[in-house]
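The structure comes first, and the notes follow.

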Amino acid sequence: MDRPKHLNLFKIHLPITGIVSIVHRITGVLLVLSLPLAIWALQLSLQSESDFLQIVSSLSSLFGQLFFLLLVWFFVHHFFAGIRFLMFDIEIGSSRSGSRAAAWLVITVELFTMFMFARWWLL
Amino acid sequence: MSLRAGGVRTWVVQRVSALYMGGFVLVVIPLLMLKLPLDYQQWHSMLATPWFNIGFMLFWLALFFHAWIGIRDVILDYVSNFSLRFSLLTAVALALSAMAVWVLKILLLVWR
């Protein structure tokens with residue numbers, strides 16, 4: 001098992017489709033890692049009024065807002081990149097040019113969604 | 001020894017769970033955004049509403065299946081050592097199962 005290996009991430013040039021894809025994987029893993037925290041917050045939000053208010057105030061702090069925004073971004077990318085893959089399953093946009101266009105569409109929709117959400121959430 | 005992983009059924013479960021979660025999110029997020037801000041009573045009663053409570057339980061069920069498949073794929077791709085891979089997969093399966101039970105408990109206790 002001595003096949004050549006090249007894992008210098010700084011030198012590997014991924015096309016946009018590859019970037020959307022690996023970020024989809026990375027956001028998936030990060031979302032799973034954030035599950036214990038999310039479930040903990042859900043529990044606190046329901047078990048008593050004082051705990052509920054504590055969750056609300058944590059989410060209202062600067063750190064809380066930014067952290068939540070980040071998690072939402074992870075979800076939003078995973079969601080839209082996931083839809084792109086579902087479209088591939090039914091043969092939509094799976095051609096070479098189609099998949100590139102779809103990748104850019106995912107990025108555009110994702111940025112727009114995050115812009116709108118951030119505007120609504122932070123204000 | 002052959003421990004098979006994946007196949008059409010896994011692919012279907014991953015897609016169906018994704019569709020359910022997507023549908024749930026697309027319905028619930030606008031609903032929530034319209035109702036915000038919520039106080040504790042409103043939040044609690046929303047989670048206690050039968051259709052929401054059960055639909056939300058199904059969301060978590062879908063999530064844990066979906067997450068398991070995803071993480072399993074990642075581990076299978078990057079961990080080639082059999083023992084390490086087996087241990088990691090077992091640990092992840094246990095962790096996800098524990099969280100699933102935790103969520104079930106939380107959502108059942110809403111009706112306490």
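The sections below take up the basis of the model, the interface, the salt bridges, the nonpolar patch and the backbone.

## Basis

This is a predicted model, in which local features need pLDDT of at least 70 and side-chain atom pairs count only at pLDDT 80 or more, while totals for chains, interfaces and linings use all residues. Residues are numbered from 1 along each chain as its sequence is written, chains are lettered from A and ligands numbered from 1 in the order in which they are written, and side-chain values use heavy atoms, with hydrogens and water left out.

## Interface of chains A and B

On the chain A side, 23 residues are in contact with 32 residues of chain B (contact means heavy atoms within 4.5 Å). The two chains bury about 2400 Å² between them, 77% of it on carbon and sulfur atoms; buried area is the accessible area (1.4 Å probe) that two parts lose on being put together, summed over both. Within chain A, the residues that lose the most area to chain B are Arg25(A), Ile39(A) and Leu46(A), together 27% of what that side buries.

Six residue pairs, both members at pLDDT 80 or more, are in polar contact across this interface. A polar contact is a pair of N or O atoms within 3.5 Å; within protein, one must be able to donate a hydrogen and the other to accept it, and residues adjacent in sequence count only if both atoms are side-chain atoms. The elements giving two or more residues to the chain A side are helices H1 (16-33), H2 (35-47), H3 (49-60) and H4 (62-89) of chain A. Helices are DSSP runs of H or I with at least four residues, numbered from the N terminus. H2(A) supplies the largest share of that side, nine residues. By class, the chain A side has 15 nonpolar, five polar and three charged residues. Here Ala, Val, Leu, Ile, Met, Phe, Trp, Tyr, Cys and Pro count as nonpolar, Asp, Glu, Lys and Arg as charged, and the others, Gly among them, as polar.

## Salt bridges

Over all chains the structure holds three salt bridges, and the count between chain A and chain B is two. The criterion is a side-chain nitrogen of Lys or Arg within 4 Å of a carboxyl oxygen of Asp or Glu. Asp89(A) pairs with Arg15(B) at 2.5 Å, N to O.

Asp77(B) pairs with Arg25(A) at 2.7 Å, N to O. This pair crosses between chains, from helix H3 (residues 50-78) of chain B to helix H1 of chain A. The two side chains also make a polar contact (2.7 Å). Within chain B, Asp77(B) and Ser87(B) are ten residues apart in sequence and 15 Å apart in space, C-alpha to C-alpha.

## Nonpolar patch

Leu9(A), Ile12(A), Leu14(A), Ile19(A), Ile22(A), Ile26(A), Leu30(A), Leu33(A) and Tyr78(B) make a nonpolar surface patch of about 840 Å². Patches are made of residues with over 30% relative accessible area and no salt bridge, nonpolar side chains (Val, Leu, Ile, Met, Phe, Trp, Tyr) being joined within 5 Å. Accessible areas come from the Shrake-Rupley method with a 1.4 Å probe, and for residues only the protein chains shown count as cover. H1(A) gives the most to the patch, with five residues; Ile22(A) is in that helix.

## Backbone

The peptide bond from Leu36(B) to Pro37(B) is cis, with omega near 0 degrees. Pro37(B) lies in the loop between helix H1 (8-35) and helix H2 (40-48) of chain B.

In chain A, Glu91(A) has a positive phi, near 65 degrees, in a residue other than glycine. Glu91(A) lies in the loop between H4 and helix H5 (96-122) of chain A.

Notes
Patch = residues over 30% accessible without salt bridge, like charges linked within 9 Å, V, L, I, M, F, W, Y side chains within 5 Å.
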